[in-house]
Amino acid sequence: MAVYRTVVVGTDGSDSSFAAVDKAAGVAADAGATLVVVCAYHPASRQDVERAQDELGDEAYQVVGSAPAEDTLQSARDRAAKAGAANIETFALEGQPVDMLRKVVKDREADLLVVGNRGLNTLTGRILGSVPSEVARKSGVDVLIVHTT
């Protein structure tokens, strides 16, 4: 089995994505690898955020700006450290999750990408594609899809 030097994991602040962070941190700790945690976001106006919260409730985390993304990354960093990862980097990047994950994998010359399985079996995921299936097809590196649901 290959020894991983740089492990990238995506998080959006959901419980499912934090489960992927936990798994990625364990892999990074075991391999002595750098863990890079990425949170992609879209800037939203206050009106858009309020409307999303009204319509989506707890799922509104998907339409937040950079400040909540930074909070998500701090929580992910804390979880990763608790799981044993020693060298942790975080990035909040404006853009689509798949594009930002692929960018960080390329820029950091990562050799493993970890994502949760959320979205693989949803109707939206089947019609529009999901982050796990897209990165598995397009990342160019090993992908670990963590069963989180």
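Me: Which residue in E3 is the bridge partner of Ala-40?
Reply: Leu-93 is the partner of Ala-40 there. Bear in mind that this is a predicted model.

Me: How many bridges join E2 to E3, and do they run parallel or antiparallel?
Reply: There are 8 bridges between E2 and E3, and the two strands run parallel.

Me: What is the strand order in the sheet?
Reply: The order is E3-E2-E1-E4-E5, an open sheet of 5 strands with parallel pairing. From one strand to the next, the twist averages 20°.

Me: Which strands stand at the edges?
Reply: E3 (87-94) and E5 (142-146) do. Each has a single partner strand, so one side of each has no neighbour in the sheet.

Me: OK, helices. Where does H1 lie?
Reply: H1 lies across E1, E2, E4 and E5, and it runs at about 175° to E1.

Me: Switching to packing. Which residues touch the most other members of the largest nonpolar core?
Reply: Val-7, Val-9, Leu-35, Val-37, Ala-80 and Val-114, out of 23 residues in that core.

Me: And which element gives the most to this core?
Reply: H1, with 6 residues. Strands E1 (6-10), E2 (34-41) and E4 (112-116) and helices H1 (15-31) and H3 (66-82) each supply at least two.

Me: What does Val-9 touch, leaving out residues up to four places away in sequence?
Reply: Val-9 touches Ala-20, Val-21 and Ala-24, then Leu-35, Val-36, Val-37 and Val-38, and also Leu-101 and Val-114.

Me: Which residues are in the other core?
Reply: That core lies apart from the largest one and has 13 residues, among them Val-38, Leu-93, Val-98 and Val-115. Leu-93 is also the bridge partner of Ala-40.

Conventions. Residues numbered from 1 in each chain as written. Predicted model: local features only at pLDDT ≥ 70, side-chain atom pairs only at ≥ 80, totals over all residues. Heavy atoms only, no water. Core = buried A, V, L, I, M, F, W, Y, C linked by side-chain atoms within 4.5 Å. Buried < 20%, exposed > 50% of the residue type's maximum accessible area, 1.4 Å probe, protein only. Helix = DSSP H or I, 4+ residues; strand = E, 2+ residues; numbered from the N terminus. Contact = heavy atoms within 4.5 Å. Pairing = 2+ DSSP bridges. Axes fitted to C-alpha atoms, helices over the stretch in contact; angles between N-to-C directions.
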